[in-house]
Amino acid sequence: MCSVGATDDRPVTLVLGLGNPILGDDGVGWRVAEEVERRLITAPWLGCLAGPVEVDRLAVGGLAIMERLVGQQRAVLIDAVLDGRPPGTIAVGTLAETDSRLSGHLDSAHDATLNAALDVAVRLGAPLPDEIRVVTVSARRVLEFDEHMTRPVADAVSRAADEVMALLGQPVAMPA
Amino acid sequence: MTRLTIDPITRLEGHGKIEIFLDAQGDVERTYFQVPELRGFESFCVGRPVEEMPTLTNRICGVCPEAHHLAAAKAADAVYGVTPPRAAVLLRELMYCAFYVTDHTTHFYALGGPDVIVGPDAPVADRNILGVIRKVGLEVGGRVIETRRGGHRVVELIGGRRIHPCTAVPGGMTKGITADERAEIEAIARQMLDFAAFSNELFGSLINDGPTRDLVLGDLFRHETYYSGLVDDKGRVALYDGRIRVVAPDGTEHGTYAPADYRDWIAEHVEPWTYLKFPYLKKVGWKGFVDGVDSGVYTVAPLGRLNAATGMATPRAQAEYERYFATLAPATNGHRQLVHQRGAMHWARLIEMLYAAERMLELVADPDITSPDVRAVPTQTPSEGVGTVEAPRGTLTHHYWTDSNGIVTRVNLIVGTTNNHAPIAMSIDRAARGLIRHGVVVDNGLLDRIEMAFRAYDPCFGCATHSLPGEMPLEVVIRDHGGETVGVLRRGD
């Protein structure tokens with residue numbers, strides 16, 4: 001986990017890489033988060049940010065992700081999806097647009113979906129991010145233990161990091 | 001023959017599914033429960049230093065990393081023939097009990113428990129944590145979150161990280177806890193105990209409700225199998241360490257063995273239609289998916305643990321244990337009876353939650369808990385070792401072989417849910433047979449009951465599959481004997 005510009009009083013953005021880092025393409029969320037982290041500690045990028053950034057990685061389901069999001073002002077989630085599109089395809093959207101296609105780690109037999117978990121947080125009055133954006137990378141091989149991703153997914157890491165960095169340069173969309 | 005296919009709709013659509021074959025009369029002939037397998041974990045581990053295994057195996061899935069972490073650490077202890085100092089054992093068990101309270105809380109309030117709390121006849125859209133909050137109040141939802149937060153905090157204090165602990169190593173722990181940390185854990189344990197007691201009282205009030213009582217006590221999900229679980233030296237439920245006790249369906253003891261001897265007691269049956277194996281009792285033998293004393297099928301997890309044991313090691317859990325058996329399986333002619341209803345798994349889980357919270361308070365009060373003596377450095381040449389804990393979803397066994405340098409040469413894992421694979425398949429089959437007669441009752445009521453049969457076990461195939469859906473949206477595809485689709489049912493249609 002790393003924080004950049006943490007003393008800044010502008011809204012903090014949490015970048016959260018999701019997935020299992022030892023399950024082939026499922027680890028792409030972690031790899032993109034690592035790439036974002038690497039870029040953030042390179043000084044020239046700091047001027048491009050709309051505010052402070054915190055980067056973390058999780059291999060858990062909806063409830064635990066929700067708990068990690070509580071108290072955050074903005075979040076960018078990065079995860080693998082099996083959506084039938086060519087491996088390495090990158091998409092950027094909102095949680096509502098992508099939740100049903102997100103990683104199994106958001107939706108296991110012993111967990112709730114992230115959207116359901118966020119509903120719980122809302123009902124409990126927990127402070128959630130004003131904005132949650134999702135960057136997905138279409139995966140191919142997620143059922144075999146491997147620290148390496150398939151070539152097209154590995155090749156997408158840098159481009160997906162570009163998308164995250166672009167989001168980090170945008171001001172937080174505050175609710176109306 | 002008509003075939004019904006129930007597919008969980010997930011990002012892994014088509015990988016996990018239930019298929020129901022009907023005979024010419026429209027009755028259930030056979031039900032197949034299929035799940036995919038994550039491949040290659042054993043080969044993934046080969047060639048790595050065995051001391052990496054506790055942090056590597058807890059990445060198998062995000063559901064029970066603490067169980068894998070500790071089973072791996074115990075196996076690594078055995079590989080090196082090293083006995084951790086007492087303080088290290090106390091810390092491991094304390095962390096594990098906090099994890100147990102957290103995990104069982106999650107299941108009861110957010111996953112399978114809503115079938116009981118909200119009621120089995122409630123709309124499926126209400127049988128989730130949101131429905132629970134509507135039924136029992138917002139404050140309870142807040143206590144669920146508070147309990148989970150407390151559990152994560154204890155894991156962080158002892159295990160070094162909130163989710164994937166990293167401090168258990170061959171010979172003990174990498175760190176101890178301070179007096180301030182001990183005090184913080186004690187406060188969390190008291191909150192957990194209060195909530196566990198409340199949860200048991202809540203269940204006691206729900207069991208009188210007709211539909212819920214039918215779900216828990218009814219024969220729809222009843223199987224008379226063997227039961228298995230870790231017990232302490234007095235035969236009481238143990239979660240972190242002990243011997244494995246197995247009882248027959250009539251309650252008589254089948255045997256008790258050291259976890260390292262598991263291969264003398266457990267064998268694995270293979271079916272051609274699923275990747276996952278079906279463990280069974282070797283000395284009884286595999287007779288198929290059938291109940292009874294002649295069938296080697298056994299059940300683990302809360303139902304199995306409470307049946308296999310003779311009691312609970314803490315007072316409030318013991319009182320609840322006695323009430324559980326008096327309510328569900330009263331002794332006859334002085335002979336103890338077992339609880340065979342799968343719906344009782346929910347109640348058994350809450351009794352374990354109470355035990356784990358009580359046990360936390362015992363452990364945190366032990367003067368050795370803050371001892372800095374938490375590591376015995378291994379000095380023996382490594383070779384082979386077995387580590388076993390009771391994971392929330394059943395007995396978890398890690399077995400490693402290494403060369404003389406401690407490099408892993410072979411791995412065998414038997415994970416919690418896999419032990420219950422045969423009973424789960426049998427419960428799904430039972431639900432289908434009870435609800436499909438002469439080709440009718442093929443509707444969402446069927447899907448609901450099959451889901452409940454599945455969820456009561458709190459299955460997690462994360463160790464053996466990538467995922468199955470928490471909400472388990474279902475699709476039923478009806479095919480004729482030629483394989484053509486003749487109808488599709490989806491929830492909400």
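Helices (H or I, at least four residues) and strands (E, at least two) are DSSP runs, numbered from the N terminus. Chain B has 16 helices and 16 strands. This is a predicted model, where local features need pLDDT of at least 70, side-chain atom pairs count only at pLDDT 80 or more, and totals for chains, interfaces and linings use all residues. Residues are numbered from 1 along each chain as its sequence is written, while chains are lettered from A and ligands numbered from 1 in the order in which they are written.

Let us start with a pair of helices. Helix α4 and helix α13 of chain B pack with their axes 8 Å apart, at an angle of about 150 degrees; axes are lines fitted to C-alpha atoms, for helices over the stretch in contact, and angles run from 0 to 180 degrees between N-to-C directions. α4(B) and α13(B) are therefore roughly antiparallel, a label for angles over 145 degrees.

Now for a sheet. Three strands of chain B form an open sheet in the order β12-β13-β14, with antiparallel pairing; two strands pair if DSSP finds at least two bridges between them. The edge strands, β12 and β14 of chain B, each pair on one side only. From one strand to the next, the twist averages 15 degrees. Six bridges join β13(B) to β14(B), and Tyr400(B) has Val411(B) in β14(B) as its bridge partner.

| Element | Residues |
|---|---|
| Helix α4 (chain B) | residues 86-110 |
| Helix α13 (chain B) | residues 345-364 |
| Strand β12 (chain B) | residues 384-391 |
| Strand β13 (chain B) | residues 394-402 |
| Strand β14 (chain B) | residues 408-414 |

Note on methods
Parallel < 35°, antiparallel > 145°, perpendicular 65-115°, else oblique.
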